[in-house]
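Student: Before we look, let me say what I want. I would like each label checked against its cut-off.

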Amino acid sequence: MVHPCGLLTRQEEPVPLKSISVTLSICEFVAGVSATLNYENEEQVPLEAFFVFPVDEDSAVCSFEAVVDGKRIVAELQDKTKAHTNYDNAISQGHQAFLLEEDKYSRDVFCCNVGNLPPGSKVALTLRYVQELPLEADGALRFLLPAILNPRYQLSGLPEDSCLKMKTPIVPLEDLPYTLSMVATINSQHGIERVQSTCPLSPIEYLGDNKTSVQVSLADGHKFDRDVELLIYHSEVHTPSVAVEMGVPESKPDCLMGDPCAMVSFYPNIPEAQPPITCREFIFLMDRSGSMQSPMSRQDRSQLRIEAAKETLILLLKSLPMGCYFNIYGFGSSYEAFFQESVKYTQHTMEEALRRVQLMEADLGGTEILTPLQNICRGPCIPGHPLQLFVFTDGEVTDTFTVIKEVRIHSQKRSCRCFSFGIGEGASTSLIKGVARVSGGTSEFITGKDRMQSKALRSLKRSLQPVVEDICLSWDLPPGLSAKMLSPEQNALFRGQRLIVYAQLTGMMLPAEAAGEVSLQYTLQGKSFEDKVMFSVKPKPDSNLTIHRLAAKSLLQAKDMGFRETPASAKKEVLNISLESGVISSYTAFIAINKELNMPVQGPLARRDIPRPILLGAPAMMPKYCGGACPRALSSYHLRPAPQPTRSILFCATMTSQQNGYDRCRSMNRKGPCSAVFGENHLVQLISLQNANGSWDLNADLAKVLGKSLEDMLAALPAELVDSLGWATVLAVIWLHTNGKDLKCEWELLERKAVAWIRIHAGSTLHALVKAANTFLKSSVNPAVFAL
């Protein structure tokens with residue numbers, strides 16, 4: 001279905017939303033957010049306003065209230081059907097009503113309805129939520145205030161009651177009529193080293209001794225041209241901890257909110273282990289819809305998403321281990337696979353895949369990911385090669401819960417994990433996080449100046465790690481006290497990953513000095529490991545019930561599969577958890593009614609849809625904004641018959657980032673299948689030249705990358721030590737360590753292949769070969785990189 005683009009309301013109509021102010025409080029790795037939407041009706045008729053906006057899917061939205069003429073009206077969380085009926089009845093009776101709900105088809109999209117806003121009146125609506133902050137690879141805690149809601153590709157059968165169906169007006173950034181302000185207070189008992197942001201901030205102000213508290217705010221004049229991201233660096237972010245929060249004593253017996261609740265945070269020191277002999281299947285599912293032709297960011301000369309994705313695919317292909325199977329899918333309104341079925345990773349199949357990667361374009365129309373997912377997940381297994389799913393997409397889909405359900409079903413039936421990547425701002429956090437969570441994989445978001453390559457390679461390393469087994473949590477508590485787990489059973493742990501679980505503590509109240517211990521046990525390649533942490537079992541009061549709300553959110557994420565997809569047997573439990581905890585779900589909505597306003601409405605209320613900004617404004621953004629296909633795309637693509645099921649690791653990478661990619665990277669030269677030239681970026685060139693087995697050929701292309709002549713390289717070859725293939729491989733590895741050490745995380749796997757190959761190939765001459773290569777390249781790389 002094609003939707004009109006551009007401003008849909010008449011420009012002379014004032015927009016009732018005037019400003020959004022956000023107050024953020026971060027304590028250790030938990031954030032509390034209060035967002036106030038300030039409305040004013042400057043027209044002569046009563047209004048009903050609709051505002052569709054994004055919220056991170058991990059957020060536990062737990063409060064909604066209105067302040068009208070100084071009067072505070074606290075919203076009630078109700079069954080969604082009941083809330084809609086009450087809202088309509090209130091409006092028809094001349095009351096003022098406010099409704100907040102999450103979309104039926106995506107957990108990260110909310111709609112706020114403001115009904116019967118009389119002429120000249122003002123109202124402030126405040127919603128509050130809490131969330132855990134994810135931990136980045138460099139130790140930063142990441143907070144994201146989503147400001148960007150990309151249009152989601154709309155399937156023809158989407159019902160009218162979806163927030164995503166609303167024809168939200170789009171205006172140029174400079175014409176956006178409302179502003180955003182944010183003040184953040186950050187606390188950590190371990191001290192705060194620094195705070196970084198993708199947006200201009202006011203000077204950071206330290207409030208406490210030893211830098212335990214800081215305050216920052218957005219610089220004046222911030223517009224919605226990007227998501228607001230904060231990176232917070234603590235001194236001891238990896239320290240395990242347990243926090244116990246007091247419940248609500250007057251709650252019903254056995255109620256989630258009645259007993260104390262514990263939040264346990266572990267950062268297990270999982271040792272780096274050699275991958276087992278058993279290999280894997282890899283399927284890379286690549287978004288080729290029209291919006292992938294958009295730039296990664298608003299910066300001038302920013303790389304296109306599809307080009308950054310192609311470079312990442314080449315790096316991944318070069319890093320695959322020998323003996324695995326792989327395939328690559330491209331999807332849009334149709335889909336196509338490189339091979340009819342998963343193929344064994346060889347020099348020939350790698351070269352064929354690289355040739356086709358170079359020809360990839362964002363030319364397949366809309367974003368319909370479900371059909372190719374079904375084709376992949378329902379295909380037969382390759383014995384001894386567990387399926388790993390990597391999906392690359394900008395995440396702009398509407399059938400989110402259906403996609404997550406598909407991944408969940410098949411991850412339970414077979415050994416399948418999904419590693420998902422969101423590319424560019426505005427990607428669906430519900431889709432990206434959901435498919436990873438239900439399959440035991442991990443999710444990544446690539447925004448601002450993030451490098452897609454490094455995050456993709458980190459996930460590839462995780463997919464190759466031996467499986468951590470027998471994960472369990474055990475409690476040693478004082479007599480009379482017991483722990484009931486609230487978090488779902490943990491079935492996946494990765495090196496460098498934080499684990500957070502919730503438990504309910506039941507039993508008698510104990511003195512303040514009483515202590516308990518919780519331990520995390522797991523096995524890796526037959527060896528047992530254990531992490532322990534001591535804690536005080538005396539609960540602390542918190543009027544916001546932060547830990548209880550987060551525990552409820554954890555339960556809801558495990559049981560609430562969407563308004564249409566949740567099994568009938570679980571719907572009642574989901575509804576009860578939501579109503580009991582006050583955390584919104586697919587089946588509930590917040591409603592506030594101002595009955596003091598009793599002014600019969602003459603005729604229908606004038607509808608006002610709150611506009612969103614056009615972020616990139618380039619023609620490249622038009623395909624998906626206009627329903628997924630521009631006229632050129634519509635005329636050039638056709639539906640392809642579904643290929644034969646492929647059996648591979650599905651690399652679910654959702655490309656949601658404004659990443660610049662490799663420095664100075666430009667479009668690929670398409671002259672040859674294995675010697676693509678990426679502008680002046682010699683690192684990417686060198687990677688593109690590597691053979692599947694890890695070696696390099698001694699040729700003119702390699703000489704160009706190394707900055708040498710082929711004649712000089714041949715003359716310096718220690719003929720008595722090794723042949724030209726071994727000499728070229730040692731030179732390439734030494735060049736990587738000399739010139740690409742800042743990006744080692746991106747070439748570590750392919751270097752591992754190279755070192756394994758050269759150790760077998762060079763044998764006892766390797767030490768002398770490394771010395772000769774260091775001399776030739778005027779380098780001083782430690783021979784230890786070759787395990788010497």
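Tutor: Start with burial: a residue is buried under 20% relative accessible area, exposed over 50%, and partly exposed in between, with a 1.4 Å probe and protein chains only. The model is predicted, so local features need pLDDT of at least 70 and side-chain atom pairs pLDDT 80 or more, while totals for chains, interfaces and linings use all residues. Residues are numbered from 1 along each chain as its sequence is written, and side-chain values use heavy atoms, leaving out hydrogens and water.

Student: Why does Glu336 count as buried?

Tutor: Its relative accessibility is 18%, so Glu336 counts as buried. Arg288 is buried because its relative accessible area is 6%.

Student: What makes Glu336 and Arg288 a salt bridge?

Tutor: The term asks for a side-chain nitrogen of Lys or Arg within 4 Å of a carboxyl oxygen of Asp or Glu. Here N to O is 2.6 Å, and the pair qualifies. Glu336 is in strand E21 (residues 335-337), and Arg288 is in the loop between strand E19 (281-287) and helix H2 (305-319). They are 48 residues apart, and the pair links distant parts of the chain.

Student: What does the salt bridge of Glu444 with Arg458 tie together?

Tutor: The closest N and O atoms are 2.6 Å apart. Glu444 lies in strand E25 (residues 443-446) and Arg458 in helix H7 (residues 452-464), so the pair ties together parts 14 residues apart in sequence. Strands (E, at least two residues) and helices (H or I, at least four) are DSSP runs, numbered from the N terminus. Glu444 has 5% relative accessibility and therefore counts as buried.

Student: Is Arg607 buried, exposed or partly exposed?

Tutor: Partly exposed, because its relative accessibility is 40%. Asp609 counts as buried, at 17%. These two form a salt bridge, the closest N and O atoms being 2.9 Å apart.

Student: How many salt bridges does the whole structure hold?

Tutor: The search finds 27. Glu57, Arg107, Arg437 and Asp560 are linked in a network of them.

Student: Now the open sheet E10-E16-E13. Why do E10 and E13 stand at the edges?

Tutor: Strands pair if DSSP finds at least two bridges between them. E10 (140-145) and E13 (192-197) each have a single partner strand, so one side of each is left without a neighbour in the sheet.

Student: How do you know that E13 and E16 pair?

Tutor: Five bridges join E13 to E16 (residues 228-234), and the two run antiparallel. One of the bridge partners in E16 is Ile232, facing Val195.
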